[in-house]
Amino acid sequence: MKFVSTRGSAPSLSFADTVLTGLASDGGLYVPETLPKFSREEIASMAGLDYEQLAFRIIQPFVGDDLSDEELSGIIGRSYKHFRHKAIAPLVQTDTNEWVLELFHGPTLAFKDFALQFLGQLFDHLLKKRGERVVVMGATSGDTGSAAIEGCRHCDNIDIFILHPHNRVSEVQRRQMTTVQSDNVFNIALEGNFDDCQNMVKASFADQSFLPDGRRLVAVNSINWARIMAQIVYYFYAALRLGAPDKTVNFSVPTGNFGDIFAGYLARQMGLPIDQLIIATNANDILHRCISGNDHTPKPLVHSLSPSMDIMVSSNFERLLFDLYGRDGASVAELLADRSQPMHLSESALGKAREVFSSSRVDDKRTVEVIGETFSSCEYLLDPHTAIGVEAARQVRHSTEQPMVCLSTAHPAKFPDAVAQALPEKEIPLPSHMQDLWQREERFKVLPNNLSQVHDYMATMLSEGS
């Protein structure tokens with residue numbers, strides 16, 4: 001299978017080269033040239049598979065000849081062996097025909113583990129084959145960083161630098177990143193917001209001259225196709241357990257960077273019966289404004305109780321735009337020429353989006369109320385991001401007869417401040433493998449929002465380690 005850029009002028013790549021490239025040379029994101037499709041009968045035949053077996057069935061068509069079946073199976077097995085629940089992604093019912101898909105049973109208690117445990121294993125395998133050492137650089141609004149570090153810290157051929165916005169992630173999120181003492185892990189606290197971190201990563205990929213000779217950057221953010229691919233699996237997994245393909249199953253997804261919900265869109269395109277995908281946003285509601293009113297105007301970023309969604313420039317929305325504009329890379333490049341300016345979709349593109357996507361905005365006050373109300377009604381504890389997904393589903397779902405799955409993106413213990421506002425008497429202990437998190441030594445570097453200073457720091461650390 002070949003992969004092409006959303007902006008149309010970068011060379012097409014194999015699966016392995018796509019994974020190790022990340023951002024395309026024309027500034028676009030890689031997507032499959034063609035998408036594998038499953039028939040109703042093929043989907044029905046997947047019903048009895050466990051998570052790892054299903055992951056193999058979904059991922060294998062994308063891989064082609066770059067990995068043998070044995071190699072892919074081994075990578076998948078190693079990726080999910082440290083998850084704390086045998087189901088990997090269990091479903092919990094919270095209301096009539098309403099379900100929460102728990103995606104926080106991985107090592108860092110967030111849905112990012114599904115993709116980044118897989119990506120770390122994939123990196124390690126491909127780099128060993130090629131005898132190459134690379135530099136992973138990523139930006140995080142909270143959860144991606146710790147999941148990427150956990151996925152890559154054991155990799156012999158990787159040095160990893162993660163940028164997070166200084167004082168704008170929860171303390172649990174920060175400590176999960178900064179207490180990893182591996183020699184190949186470097187944390188940068190950038191004096192800015194997540195969009196500043198993300199812009200710096202993109203600028204670094206565009207000009208890698210600051211790196212030592214023989215080194216290159218590799219992406220762990222959801223600009224990396226392998227992350228999106230790995231996330232498609234749990235949409236199939238949840239839907240199959242709720243009766244697909246005989247039943248249509250819909251999903252509500254708390255989202256900031258659009259990667260998680262784009263995986264659901266791809267699952268639908270591949271044959272999974274989904275009528276509605278709900279984009280659930282917090283006060284940073286550019287995606288909701290775009291879908292509901294064709295208003296994609298950037299606004300100042302708001303610091304919220306759901307920090308992983310505090311994003312105004314949603315990178316993966318570009319992948320959807322590529323489809324909405326008939327896979328015309330030139331049109332996408334023109335549309336995104338200046339992301340700081342308002343963007344308006346054509347009537348045709350907006351109509352296509354609305355056939356699949358609905359959206360809603362949930363503020364901090366309502367988020368706290370939903371946490372309290374849900375615990376009161378069924379003694380189920382939501383983290384603030386998941387609460388936004390649940391509330392958005394209740395606001396805009398089309399049908400109460402079709403199952404609605406709300407993606408639970410993080411364990412509530414990662415966001416004790418939000419939970420405490422809803423349930424002041426409720427204590428949320430960290431899982432046993434993180435009980436000593438508050439005693440672990442932290443290590444990170446605070447740097448200004450200045451590209452040359454970040455590059456100088458990275459070059460110094462890489463030179464000292466070589």
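**Figure 1. Overall fold of the protein.** In this predicted model, the protein has 18 helices and 13 strands. Its radius of gyration is 21 Å, close to the 23 Å that the globule rule gives for 466 residues, so the protein is as compact as a globular protein of that length. Taken along the principal axes, the box filled by the C-alpha atoms is roughly 60 × 50 × 45 Å. Of the contacts between residues at least 6 apart in sequence, 76% join residues at least 24 apart.

Figure 2. The protein has an accessible surface of about 17,100 Å². Carbon and sulfur atoms account for 45% of this surface. Buried residues make up 62% of the 466 residues.

**Figure 3. The largest nonpolar core.** This core has 112 residues. Those with the most contacts inside the core are F118, F123, Y235, F236, F251 and F357. Helix α9, which spans residues 225–241, gives the most to this core, contributing 14 residues.

**Figure 4. Surroundings of F357.** F357 is one of the residues with the most contacts inside the largest nonpolar core. When neighbours within four places in sequence are left aside, F357 is in contact with F258, I261, Y265, L277, I279, I291 and L320.

Terms used: Residues are numbered from 1 along each chain as its sequence is written. This is a predicted model: local features need pLDDT of at least 70, side-chain atom pairs count only at pLDDT 80 or more; totals for chains, interfaces and linings use all residues. Side-chain values use heavy atoms; hydrogens and water are left out. Helices (H or I, at least four residues) and strands (E, at least two) are DSSP runs, numbered from the N terminus. The radius of gyration is taken over C-alpha atoms; the globule rule is 2.2 Å times the number of residues to the power 0.38. Buried means under 20% relative accessible area, exposed over 50%, partly exposed in between (1.4 Å probe, protein chains only). Contact means heavy atoms within 4.5 Å. Accessible areas come from the Shrake-Rupley method with a 1.4 Å probe; for residues, only the protein chains shown count as cover. A nonpolar core is a set of buried Ala, Val, Leu, Ile, Met, Phe, Trp, Tyr and Cys residues joined through side-chain atoms within 4.5 Å.
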